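These are my notebook entries on a structure that I looked up. I record the points in the order in which I went through them.

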Amino acid sequence: MKKIFGVLLIVMALLGLTACGNNKVNTGNNVETLNPPTTSASNILIAYFSCTNTTETIAKHIESVTKGALYEIVPEEPYTADDLKYYTGGRADKEQADSSARPAIRGDVENMEKYDVVFLGYPIWHGQAPKIIYTFLESCDFSDKTIVPFCTSHSSGIGSSDTNLHSLAPNAQWKSGRRFPSNTSRNTVAEWIESLDIKLTPDVAAFDLDGGENGCAPTVMLNSGYEMPVLGIGTYSLHGETCVNAVRSALESGVRLIDTAYMYGNEKEVGQAIRESGISREEIFVITKIYPGAQFANPEQAIRESLDKLNIDYIDMMLLHHPGENDVKAYKAIEKFIEQGKIRSVGLSNWYIEEIDDFISQVDAFPALIQNEIHPYYQEQAVVPYMHNLGIVMQAWYPFGGRGHTGEIFNNQTITRIANTHNVSSAQVILRWHLQRGVVAIPGSSNPDHIRENISVFHFSLSDDEMSAIAGLDRNDKHDWY
Ligand SMILES: Cc1cc2nc3c(=O)[nH]c(=O)nc-3n(C[C@H](O)[C@H](O)[C@H](O)COP(=O)(O)O)c2cc1C
């Protein structure tokens, strides 16, 4: 894997992104005018101390670029204007002159263990970090975390202020610090972060479900920098007019994510329904897949075939249908089409923990998505968090258990009890469960009422108890062979 997330998230930050199925890409270079990524970097903490907001402004730029968590180091006893007057012998002067001074901090960082990169910001006080930074460093365990100091000042450089902190967190990996003048732009901060070459893991499991509406699913930010709706329609087993009508109906209901595959034999119909919908191409996210065997052996031809059949200018996401001979070769062919702009993102299907690490070591583009069989009876409780930690979005095919099994899952007493509580269908409960555990879903249906129902899961939410009750239904019951 040659590309790392440090670069990747910056790319994400360079993209102009909007919600509700709009994955418009802004290729301009002016970072200042563009929106930040909508997905947080789950491993980044930006801790800062600031009395007159200068350092805070830089901290907020870092937050805007990385989408990490912002934490203000607040003194138990606030600094008054008099305290800050320097060279007056006031409080700040005294503390800086006292090697044992450790001003108390109000509160602490929640879940410190989940962060592995800490940006640490402070104003320069007499050439050094304020003593409250010393308090902060001594109050937490920074073992194995990367600390990136940054500071602001009137005119001094960072000097020894950062290296003098090292002994307070000796087990951390310290990056060289950087001083920023007060008028520093977000652009400058973004470039600095990119140069740090640190691993930023996008939080691909935290969907803004409150931002969704029935008929308008929210999106998740992929590690490729594109947004994808968190609910879509799967078209497996839909053919001919039935497929065209199902996709048309889905688009009319507000569905903006369509999943197809060479093997489904319906890419032509999917493309036709999209072209005829009158909806802007940029608003629709299309996934297709190439298949092991002849297609993996001659992937360029297979990809061109998909592009021709779909005839929608470009493909949003191309997946490998499942592992097989020549899968690395096929993936690399997809990478080439990404470079040419004919495919935007790449991912895998039916890929598990045993296969992923070895695979990603052989390719350049990090997989943005893994589409697997996931449903209440086969929850992939180990696979889902494993892939999420890699920054890969997980997507459920067979979200209701698959053909021949949906009846059993829909009638499961736990599911029906929860459905009755919320006055929704079993299908809606299951979809909501997928989304609340951070799994994107592509239920298949040709029934317009069901399609509408499936995109209507944003007016209720499942409690922690309800989520646990459904988690308890897992029985490792795989319904397909992949
Ligand atoms: C007690 C104290 C000492 C300071 N010492 C220096 C200094 O040595 N060099 C310098 O350039 N600025 C110094 N400053 C100015 C601050 O570093 C500068 O205004 C900083 O940007 C303030 O950050 P803040 O707004 O986040 O609190 C000092 C300020 C205070 C209050």
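Helices (H or I, at least four residues) and strands (E, at least two) are taken as DSSP runs and numbered from the N terminus. I note that this is a predicted model, in which local features need pLDDT of at least 70, side-chain atom pairs count only at pLDDT 80 or more, and totals for chains, interfaces and linings use all residues. Residues are numbered from 1 along each chain as its sequence is written.

**Entry 1: two aspartates in loops**

I looked up Asp 144 and placed it in the loop between α5 (131-139) and β6 (146-152). Its phi is near 65 degrees, a positive value in a residue other than glycine. For burial I counted other C-beta atoms, placed from the backbone, within 10 Å of a residue's own: 20 or more is buried, 12 or fewer is exposed, and in between is partly exposed. Asp 144 is exposed because it has 9 C-beta neighbours inside 10 Å.

Asp 313 lies in the loop between α10 and β14 (315-320). Asp 313 is not a glycine, yet it has a positive phi of about 75 degrees. I counted 12 other C-beta atoms within 10 Å, so Asp 313 is exposed.

I found Gln 173 in strand β7 (residues 173-174). It has 15 other C-beta atoms within 10 Å and is therefore partly exposed. Its C-alpha atom is separated by 6.1 Å from that of Ile 147, 26 residues apart along the chain.

Ser 425 sits in the loop between α15 (413-422) and α16 (426-436). Ser 425 is partly exposed because 18 C-beta neighbours fall inside 10 Å. Leaving aside neighbours within four places in sequence, I recorded contacts of Ser 425 with Ala 419 and Glu 453; contact requires C-beta atoms, placed from the backbone, within 7 Å. The C-alpha atoms of Ser 425 and Val 457, 32 residues apart along the chain, are separated by 9.8 Å.

**Entry 2: the ligand shell**

Which residues are closest to the ligand? Of the 22 residues that surround it, the closest are Ser 50, Thr 52, Thr 54, Thr 55 and Pro 123. I took a residue as near a molecule or strand if its C-beta atom, placed from the backbone, lies within 6 Å of it. The elements giving two or more residues to this shell are α2 (54-66) and α4 (91-97). The largest share, 3 residues, comes from α2.

By class, the shell has 7 nonpolar, 13 polar and 2 charged residues. Here Ala, Val, Leu, Ile, Met, Phe, Trp, Tyr, Cys and Pro count as nonpolar, Asp, Glu, Lys and Arg as charged, and the others, Gly among them, as polar.

**Entry 3: nonpolar cores**

I defined a nonpolar core as a set of buried Ala, Val, Leu, Ile, Met, Phe, Trp, Tyr and Cys residues joined through C-beta atoms within 7 Å. The largest has 86 residues, and those with the most contacts inside it are Val 220, Val 247, Met 318, Ile 334 and Val 393. Beyond four places in sequence, Ile 334 is in contact with Ile 303, Met 318, Ile 343 and Val 346. A second, separate core of 43 residues includes Ile 73, Tyr 122, Tyr 134 and Val 148.

Note on methods. Two residues are in contact if their C-beta atoms, placed from the backbone, lie within 7 Å.
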